Amino acid sequence: MEDGRKKIWICLLTVVLAAVLIGVIYYYSAPQEQGNEGFLIREQREEAYVF
């Protein structure tokens, strides 16, 4: 029973560390835009409807 718990903890720790590593790699590889406040703002455009 104790051996099984140890394997589960090792597996969970590996998954968490892999997720953190992937997140850090993604954060530093994503292109950074200058002068942006970090908000997603949808561009306003006019819709033309044909009846």
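This passage walks through the fold, the surface and the side-chain contacts of one predicted chain.

The model is predicted, so local features need pLDDT of at least 70 and side-chain atom pairs count only at pLDDT 80 or more, while totals for chains, interfaces and linings use all residues. Residues are numbered from 1 along each chain as its sequence is written, and side-chain values use heavy atoms, with hydrogens and water left out.

The fold is quick to describe: the chain has 1 helix and 0 strands (DSSP runs numbered from the N terminus, with helices being H or I of at least four residues and strands being E of at least two). Helix H1 covers residues 2-29. From its first C-alpha to its last, H1, with 28 residues, reaches 41 Å, close to the 40 Å expected at 1.5 Å a residue (the expected span is 1.5 Å times one less than the number of residues).

As for cover, 0% of the 51 residues in the chain are buried (buried is under 20% relative accessible area, exposed is over 50%, and partly exposed is in between, with a 1.4 Å probe and protein chains only). H1 is hardly covered either, with 0 buried residues among its 28. The accessible surface of the chain comes to about 6,100 Å², and carbon and sulfur atoms account for 63% of that (areas are from the Shrake-Rupley method with a 1.4 Å probe; for residues, only the protein chains shown count as cover).

Part of the surface is a nonpolar patch of about 550 Å², made by Val16, Val20, Val24, Tyr27 and Tyr28 (patch residues have over 30% relative accessible area and no salt bridge; like charges are joined within 9 Å, and nonpolar side chains, namely Val, Leu, Ile, Met, Phe, Trp and Tyr, within 5 Å). Val24 sits in H1 and is partly exposed at 41%. Tyr27 and Tyr28 are both exposed.

The structure also holds 1 aromatic pair.

Lys7 forms a salt bridge with Asp3, their closest N and O atoms being 3.8 Å apart. The two are 4 residues apart in H1, so about one helical turn separates Lys7 and Asp3.

Note on methods:
Salt bridge = Lys/Arg side-chain N within 4 Å of Asp/Glu carboxyl O. Phe/Tyr/Trp six-rings, centres within 6.5 Å; stacked < 30°, edge-to-face > 60°.
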